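Here's a quick briefing to read alongside the model. Have a look at the fold first, then come back for the notes.

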Amino acid sequence: MEEIINKVANSALEVFDLEDYYPKGIRSQVDISQWLLEGFLLKEKDFREHLKNYDWTQYQDQFVAINCSTDAIVPAWASILVTIQLAPFAKKVVNGNIDDLNAALYEELLAKIDYSSYANKSIIIKGCSQKPVPMRAYVIAAQNLQPFARSIMYGEACSAVPLYKAKK
């Protein structure tokens, strides 16, 4: 009987798993519509009063996304004013939803990686994850790996999709 050899484990493939870089911390969302008249009309005096009386400490050390869940037309300064209220408490504030927040967090983290360790290597950008890795993170990772990699694939070692191969 022949010995079973795990060719994937013995290969020179490097796995780039974005889940390894997932920023730990609580993600929250602040919906501006809660401070609008009937969820649609911003009355500046009332809006400012609501913000002044709101308990911002509940967002201490959290990642926060600011959005408006209604179709209200909200002036730009409204989100900026909410950001100013959150800034002393939140780790990071972005305008958008939780997906936008995760994308912004990944953008910061991926910009700090030294990709030179992937020089002339075959890389698989791992596709399956248990955490919410945004598509933008995969795009950024591929862009940053491409100048160094010999080849880039996506997925799992047993069923990877080829994406890039350096010219010889």
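Is Ser-79 buried or exposed? At 17% relative accessibility, Ser-79 counts as buried (buried means under 20% relative accessible area, exposed over 50%, partly exposed in between, with a 1.4 Å probe and protein chains only). Keep in mind that this is a predicted model, where local features need pLDDT of at least 70, side-chain atom pairs count only at pLDDT 80 or more, and totals for chains, interfaces and linings use all residues. Residues are numbered from 1 along each chain as its sequence is written, and side-chain values use heavy atoms, with hydrogens and water left out.

**Around Ser-79**
- Ser-79 sits in helix α3 (helices are DSSP runs of H or I, at least four residues; strands are runs of E, at least two; both are numbered from the N terminus).
- Setting aside neighbours within four places in sequence, Ser-79 is in contact (heavy atoms within 4.5 Å) with Ile-32, Ile-66 and Asn-95.

**The sheet**
- Three strands make an open sheet in the order β2-β3-β4, with parallel pairing (strands pair if DSSP finds at least two bridges between them).
- At the edges are β2 (27–31) and β4 (92–95), each pairing on one side only.
- β2 and β3 (residues 63–67) pair over five bridges, and Val-30 has Ile-66 as its bridge partner in β3.

**Helix against helix**
- Glu-44, Phe-47, Arg-48 and Leu-51 in α2 meet Trp-77, Ala-78, Leu-81, Val-82 and Gln-85 in α3.
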